[in-house]
Amino acid sequence: MATTTRANAAATAAGAGARAATRDTAVAAADREGRGTPAPWAKRHLLSLEELSCDEIGVLLDTAESFKEVLTRDVKKVPSLRGKTVANLFFEPSTRTRTSFEIAAKRLSADIINFQAAGSSVQKGESLVDTALNIQAMQADTVVVRHASSGASQLLARELDCSVVNAGDGIHEHPTQGLLDIFTIRERRDLEGLHVCLVGDIRHSRVARSNIWGLIKLGAQVTVCGPPTLIPHGIEEIGANVAYDLDSVLPTVDVLNILRIQFERQHGAFFPSIREYAVEYGISVERLRQAREEVLILHPQPMHRGIEIAAEVADGHHSAILDQVTNGVAVRMAVLFHTTLASSGPDS
Amino acid sequence: MSGVLIRGGRLVDPVNGVDEQLDLLLADGVVRAIGESAAAAASATAAGSGDAGEGIDATGQVVLPGLIDIHVHLRQPGFEYKETLASGLRAAASGGFTGVCPIPNTNPVSDTRPDMEFLRREARRLGLINLWPVGAVTIGQEGEQLTEFGELRKGGAVALSDDGHPIAQPAIMRRALEYSKKHQLPILVHGEELGLSDGGAMNEGPIATRLGLPGSPCAAESALIARDIEIAALAGGRVHFMHVSCARSVELIRRARQEGVPVTAETGPHYLHLTDEAVIGYRTNTKMYPPLRTSADVAAVRAGVADGTLGVVATDHAPHAAYEKAVEFDQAPNGITGLETAVPLMVRLIDEGVITWQQLALAMSSNPAQIIGVERGNLSLGAVADVTVIDPELQWTYDETTCHSRSQNSPFWGHSLTGRATHCLVAGRPVLRDCQVEARPAAAAEAVAG
């Protein structure tokens, strides 16, 4: 038993060291080249964090770190994807994510097309695959897709020759949101052994699934907490702990990632009233006092102030919510950079 | 009339307790002779008429009473782009079936006597295999007003089903069962409590959670089965549960049968081999209702087939056009084709030691025949000569070169499979010869109408 623990600790230390080394190399390479590092990355698509290894997630985060530095410069632009075309293909309404991808593509000097499709492809009469094939025929190098159906990005990845980046598919995954959440945590804490609690509507949350996969791969502990009706069946098998009583887990939590109630995805009542939800799961100033002093507050937004999060908490000193937005651009730059170049090779 | 002598095969006839290498002579549409007398009678006939008749060398193969699939969707009328009676019956013959029962969820719904007559007339005109139609239980499968069971029966219906649209109102189900007693028609039940499946696209569980797909719990199936067992106990009549997929359902049906409640049940070949892990990758050819379940459910369904709780294996052949399936998983229609892959999947079950050839013959011929009340499913002397010959060793690939259905929506598409029907005879008439479906079968119309 004791031997095992020591071995684990040694492995952990070695892992942390290796990660730090990669990060330094990436930053250095970015400084030298004025563009991201040619780190080992072979995937043409980013569809989920489930399919990424710990190292691959590390590559994206490290590259994002070097791109974040670019965003602080006077001239916030690098020529990494000059001559490439990124198409935003959004079948669900989105402001933040679409804008974030758009800025990311522009910072990389790519051309960006916004294709806003109303409703599902079925209602529209044209199939998703046909729509995407048309965009591809306009010579897009990378398609960023958001869709209400889980697996939609995987369907496109199978049918298209260009790169596909999942910007949220149904209640499956939202990998760039997961990455930016993890990036934001990693800027402030060592992920190894960190206790992250996702609070709220886990069942309908693609953000939750991406967070769980990514955090667990990087060595964090994840608890999901919400009303039993909003905890999906078998989530424990992915590796998350389940709790229904927020107050009982708060004292051991390092990071609270507060999820929005996804009213638009809920058919029928999953809990009796918004008032009772706010009482039991809302993060108020008083409730937050039970948590550790240095607890970090995240929220993927849009927020319902006064329901899942008190305004004072959202704007308070524990909150990294707006940093998440800034980091989102850097993370999406890293994702577009690696997937687009994996697909077509660098522009020479 | 010259006969057909099937030589050297392993004859399996569970009704007569036969399982040994025996010749079989078919003549005048019936089983004329079995064993040594078959060869003798064949040569005597040949000597008398100068016509040696036809011979099938079935050495190394298994000779069974013709296979019957009581649960297929042939899509005509209304969805001819998915399947027609012509393509569907050819697929059935190619798959080893000598008779099928199309389910009435056509457009319009097959819920009248003329609908039954249309189906039988078309099948007679095609002259391939038996078609025994299933009529709707309620008009338009809307679960409200009973169809004319008596007229449907006269039109040739052998069973009733609102498959795909479970009867929501228990009182309607009760009345249907009570009324069906006069007409001796079993009611084939699609076990789904819609209020519990709630739009589920796959089995509820860890895989659905990972994939972010809405789940349909086993309880959606077992709850409706439990309800209809209770109603059957109350009302009498005959309930047959279609496509049973989960452990709880098998247990409920087993207990009901032990208690003497008049219920029978079937499962499909895919539920005996695939689990919900097949859905990983969002390939829509793994989407059907009920959904693929867990390995524990597969084990329970296998046990149910082995002990006879699930006395029937039926394919739920559900063709869909490629473009209908080339969509987001949750938008895709339910169903997979099954007629052409059932035999190899069941041969695999025998190879794995789960069932015997006797049990295969019971599940795919004798029991279905008994449930729909047709004089088939055995090879007694004088019985109608519907025969299927299976080569359990034959390796083949399910692809464009072998598929007769208009649709290819199967998780087994492109797979190399072992075991295939080589010959099918309907009333003694070959409709499948050396794996080739007869192009223009002889018009033995009346015999087919049987």
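Let me start with A:R287, which at 10% relative accessibility counts as buried in this predicted model. Its partner is A:D247, and the two form a salt bridge in which the closest N and O atoms are 2.8 Å apart. If you follow the chain, you will find A:D247 in helix α9, residues 246-249, and A:R287 in helix α11, residues 285-288, so that the pair links distant parts of chain A, 40 residues apart.

Now please turn to chain B, where the side chains of B:R293 and B:E221 meet in a salt bridge at 3.4 Å, N to O. B:R293 lies in the loop between β17 (263-267) and α10 (295-306), while B:E221 sits in helix α8 (residues 218-235), and the pair therefore ties together parts of chain B that are 72 residues apart in sequence. Are these two partners buried or exposed? B:R293 is buried, with a relative accessible area of 1%, and B:E221, at 1% relative accessibility, counts as buried too.

Back in chain A, there is a salt bridge between the side chains of A:R188 and A:D323, at 2.3 Å from N to O. A:R188 belongs to the loop between α7 (175-186) and β5 (195-199), and A:D323 to helix α13 (residues 321-344), which puts the partners 135 residues apart in the chain. Both are partly exposed, A:R188 with a relative accessible area of 31% and A:D323 with one of 33%. This pair also belongs to a network, in which salt bridges that share partners join A:K68, A:E187, A:R188 and A:D323. Over all chains, the structure holds 30 salt bridges.

That brings me to the domains of chain A, which is divided into domain 1 (13-173 + 327-343) and domain 2 (189-319). Their contact takes 18 residues from domain 1 and 15 residues from domain 2, and the two domains bury about 1,400 Å² between them, 54% of it on carbon and sulfur atoms. How many salt bridges are counted between the two domains? The count is one, and six residue pairs are in polar contact, both residues being at pLDDT 80 or more. On the domain 1 side of this contact, the elements that give two or more residues are α2 (54-71), β3 (142-147) and β4 (163-169), with the largest share, three residues, coming from α2(A). By class, that side of domain 1 has seven nonpolar, four polar and seven charged residues.

Conventions. Residues are numbered from 1 along each chain as its sequence is written. Chains are lettered from A and ligands numbered from 1 in the order in which they are written. This is a predicted model: local features need pLDDT of at least 70, side-chain atom pairs count only at pLDDT 80 or more; totals for chains, interfaces and linings use all residues. Side-chain values use heavy atoms; hydrogens and water are left out. Domain bounds come from an automatic or database domain assignment. Contact means heavy atoms within 4.5 Å. Buried area is the accessible area (1.4 Å probe) that two parts lose on being put together, summed over both. A salt bridge is a side-chain nitrogen of Lys or Arg within 4 Å of a carboxyl oxygen of Asp or Glu. A polar contact is a pair of N or O atoms within 3.5 Å; within protein, one must be able to donate a hydrogen and the other to accept it, and residues adjacent in sequence count only if both atoms are side-chain atoms. Helices (H or I, at least four residues) and strands (E, at least two) are DSSP runs, numbered from the N terminus. Ala, Val, Leu, Ile, Met, Phe, Trp, Tyr, Cys and Pro count as nonpolar, Asp, Glu, Lys and Arg as charged, and the others, Gly among them, as polar. Buried means under 20% relative accessible area, exposed over 50%, partly exposed in between (1.4 Å probe, protein chains only).
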